Amino acid sequence: MAVAHAIIYILLTSLAAAAASSKSTFGCYESIISFGDSMADTGNLLRLGSANNLPDSGNPPYGRTFFHHPTGRYSDGRLIVDFIAESLGLPMVQPYIGGADAAVNGRSFDKGVNFAVAGATALDISFFEERGIKNTCTNVSLGTQMYWFKQFLATVPEGRKFLQRSLVLMGEIGGNDYNYPLMQGIISPPVIQSFGPTIVADIGSTIQELIELGAETILVPGNFPIGCIPYYLTQFKKSSTKKDYNSTTGCLNWLNNLSIYYNELLQKELTRIQKLHPHVHIIYADYYNVMMRFYLSPTQFGFTEDILRACCGGGGPYNYNDLVKCGKPGATCCNDPSIFTNWDGLHYTEAAYRLIAQDLLRGHYTIPPFNDICPSIATSSPSAQIYKY
């Protein structure tokens, strides 16, 4: 497996080298275009709902750390997309739903637009419905987001040039394609794993369409180590035995192996597309390994040793209770989210997202290194400042 990772790294790095040499690094990008799910949603799901039926992210204590009120972000504060925008000297990327009207709502899409929706899948909802899998959160898929994007791009003067000068973030789309069948427990893990090639092919097709429309820099993250999140540790606690857990981290091995398998498929697809488009920067963001560092050495990064617990939740060994979710009556919130990696059982804290963003920007967990493509980002941004651990 290590040899395969090394080969993929060499291929992606060498294929992107020619493109990197010609990229202007003054300012790097003029805007951000974001797709994805709850890891990147800055308020779309909140705006798609109603005042009488707010998503969890519309209730306190969501948003407490930075914004001091809920914004639709599934965290106590900022997300990776927010820190990347800051590092580029750009404003926070505004949600697409609700439109841009600076005079009415203070929002503008001149410097970027976010199509990510919490709960979104890469595959169309029909794929899951045919298999008896429900998405009770939203019927938005990556295809829906691309439809919105093309509508938006048609309104932009010189839309192709706008996209060429933008950083496109794919925002961890694809994770929910595994989450829904895993959560509902109606399909066996081997069958769920078999969805991988279809999910990756759909993401790959979208990337190629974006390239045809003019995209020249696309950041594509892999999946997180889902065997370490409180939701799954709680859900599978009764059915798991000692051998199912990693002896060092306490994470569930089989779930992390599912993420590893998916990430390998995704990297192979990115390598294939990069060969077809050597002038384009296709950057793989290794969310799995950047996150695993925290579980292996939590105190080294300023986190509590009890790193598998959520900051906000309804109690239990991992502070997750599906009947008493964060933001609902009966749930409690930790005093200091900055010493936790996990916020609500499924999503991460601002503290975790900040450290992830810092290492992505410095190129430590991106292939090819992001700071080779945009060198000025490492020295100009508060988010990208070197931190000691």
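Predicted model: local features only at pLDDT ≥ 70, side-chain atom pairs only at ≥ 80, totals over all residues.

Biologist: Start with Glu350. Which residue does Glu350 form a salt bridge with?

Modeller: Arg78, with the closest N and O atoms 3.1 Å apart. That pair ties together distant parts of the chain, 272 residues apart. Glu350 sits in helix 13 (residues 350-361), while Arg78 is in the loop between helix 2 (44-48) and helix 3 (80-87).

Biologist: And is Glu350 buried or exposed?

Modeller: Buried, because its relative accessibility is 7%, under the 20% cut-off. Arg78 counts as buried too, at 9%.

Biologist: Which residues are linked with Glu350 in a network of salt bridges?

Modeller: Arg78 and Glu86; together with Glu350 they make up a salt-bridge network.

Biologist: OK, switching to helix 11. What do Glu269 and Arg272 do there?

Modeller: Their side chains meet in a salt bridge, 2.9 Å from N to O. The two are three residues apart in helix 11 (residues 253-276), so about one helical turn separates them.

Biologist: What about Arg293, which residue does Arg293 form a salt bridge with?

Modeller: With Asp359, and the closest N and O atoms are 2.5 Å apart. Here again distant parts of the chain are linked: Arg293 belongs to helix 12 (residues 287-296) and Asp359 to helix 13, 66 residues apart. Both Arg293 and Asp359 are buried.

Biologist: Now the asparagine. Where does Asn319 lie?

Modeller: In the loop between strand 6 (312-313) and strand 7 (332-333). Asn319 counts as buried because its relative accessible area is 4%.

Biologist: What lies 3.5 Å from a polar atom of the Asn319 side chain?

Modeller: The backbone oxygen of Cys311.

Biologist: And which residues does Asn319 touch?

Modeller: Leaving out residues up to four places away in sequence, Asn319 touches Arg309, Ala310, Cys311, Cys312, Gly313, Gly314 and Thr332.

Biologist: Great, that's what I was after. Thanks!

How values were computed. Residues numbered from 1 in each chain as written. Heavy atoms only, no water. Salt bridge = Lys/Arg side-chain N within 4 Å of Asp/Glu carboxyl O. Helix = DSSP H or I, 4+ residues; strand = E, 2+ residues; numbered from the N terminus. Buried < 20%, exposed > 50% of the residue type's maximum accessible area, 1.4 Å probe, protein only. Polar contact = N/O pair within 3.5 Å; in protein donor to acceptor, adjacent residues only side chain to side chain. Contact = heavy atoms within 4.5 Å.
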